[in-house]
Amino acid sequence: MANSNSTFRTFIIAEAGVNHNGHLESALALVDAAVAAGADAVKFQTFKTEALVSKSAKQADYQTENTGQEQSQYDLLKSLELSDSDHQTLIEHCHQTGIEFMSTAFDSDSIDLLSALGVTRWKIPSGELLSVPYLRKIANLNQPTILSTGMGNLEEVQLAVATLLNAGLHVSNLTVLHANTAYPTPYEDVNLRAMKTLKEALNVPIGLSDHSLGIEVPIAAVALGASIIEKHFTLDRSLPGPDHKASLEPPELASMVSSIRHVEMAMGSGQKVASESEKCNMSVARKRIVAATAIQPGETLSERNLTLKRSDRGIEARFWDQVIGIVADKAYMKDAEIEASIILGNKHD
């Protein structure tokens, strides 16, 4: 886990998706918002509508609800396409602003386009979990690959992973994300513990593609070991479009990134030791052995004439049993600290 001396760092993907509504200017603004929030990558979606969906395919329920329009999935997606030149412009802008450009390719031609444009990190969406030819084409590139597993059970995820590895993807290039594809995901359906199940079954890095509202879930996922977090964001949740309502706005995205970085530091090394920042409190918070009453030389120290009080001097409270029964070699006033030297050179009665 992360600690202040660790190189562990969660890779945070700000998922712009199609929240640009098909407009390059909005897509560029989304890049800038991701940069300002401190994300590691900004991710879009690359597809040729004709290759992705039939003209008779219906919208998902959440798409109809969020857009308020009854239209085919084809018509919806066609309005959200980015052109090849748009991709080139976005990649150049990402290079200039210091953030990694990513995009999910939803068809074979889009994989070719992104590869030709220099993309070297791949995101497989949940809908392609069982698409064997698609998986094989991604695997053949043998580059860092992130597999989302929404709607999948463990057996299906294991099949997808086996397909990728058998087709040439090295296991060191694979990260698997737990996901739920409901937009938004009800909290009771998030099931963060499934990340542990995936980790134990697959023995690869795991993470979360989150579609719940707010920022609590991805922060908790990092505490549970997520190495990658993917979260949708938008310039304005009130904009028309299928994904805006389940997305973070820029200030929320920035808060999520900041909180994740704090959690990384807070996870610590796992060793139970006093931290440097709290050592100064020992002298004022811990109790030491002091005289409960005036003590005369030759008097035996006991529970009657000793007590524990906060003090920056004297014998620490943990030595109580060693002090009881020692004969005082000098007088002590009430509240006087019992000196550590009394343990050495003094014998019990």
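**Reading cores, helix packing and cysteines**

Guide: Please bear in mind that this is a predicted model.

Visitor: Which residues have the most contacts inside the largest nonpolar core?

Guide: A nonpolar core is a set of buried nonpolar residues joined through side-chain atoms. Here the largest one has 60 residues, and V42, F44, L147, V176, F233 and M256 have the most contacts inside it. Helix α1, residues 24–37, contributes the most to this core, with 7 residues. Apart from it lies another core of 13 residues, including A291, L301, L306 and I315.

Visitor: What is F44 in contact with, leaving aside its neighbours within four places in sequence?

Guide: With those neighbours left aside, the contacts of F44 include A27 and V31, as well as L82, L90, F101 and M102.

Visitor: At what angle do α1 and α5 pack?

Guide: Angles under 35 degrees count as roughly parallel. The angle between α1 and helix α5 (residues 84–97) is about 25°, with the axes 10 Å apart, and the two helices are therefore roughly parallel to each other. Their crossing is right-handed. On the α1 side the contact is made by L24, A27, L28, V31, D32 and V35, and on the α5 side by D86, T89, L90, H93, C94 and T97.

Visitor: Is C94 buried or exposed, and how many disulfides are there?

Guide: A disulfide is a covalent bond between the sulfur atoms of two cysteines. With sulfur atoms within 2.5 Å as the criterion, the count comes to 0 disulfides. C94 has a relative accessible area of 0% and is therefore buried, whereas C280, at 55% relative accessibility, counts as exposed.

Key. Residues numbered from 1 in each chain as written. Predicted model: local features only at pLDDT ≥ 70, side-chain atom pairs only at ≥ 80, totals over all residues. Heavy atoms only, no water. Core = buried A, V, L, I, M, F, W, Y, C linked by side-chain atoms within 4.5 Å. Buried < 20%, exposed > 50% of the residue type's maximum accessible area, 1.4 Å probe, protein only. Helix = DSSP H or I, 4+ residues; strand = E, 2+ residues; numbered from the N terminus. Contact = heavy atoms within 4.5 Å. Axes fitted to C-alpha atoms, helices over the stretch in contact; angles between N-to-C directions. Parallel < 35°, antiparallel > 145°, perpendicular 65-115°, else oblique. Left-handed = near helix turned anticlockwise from the far one by under 90°.
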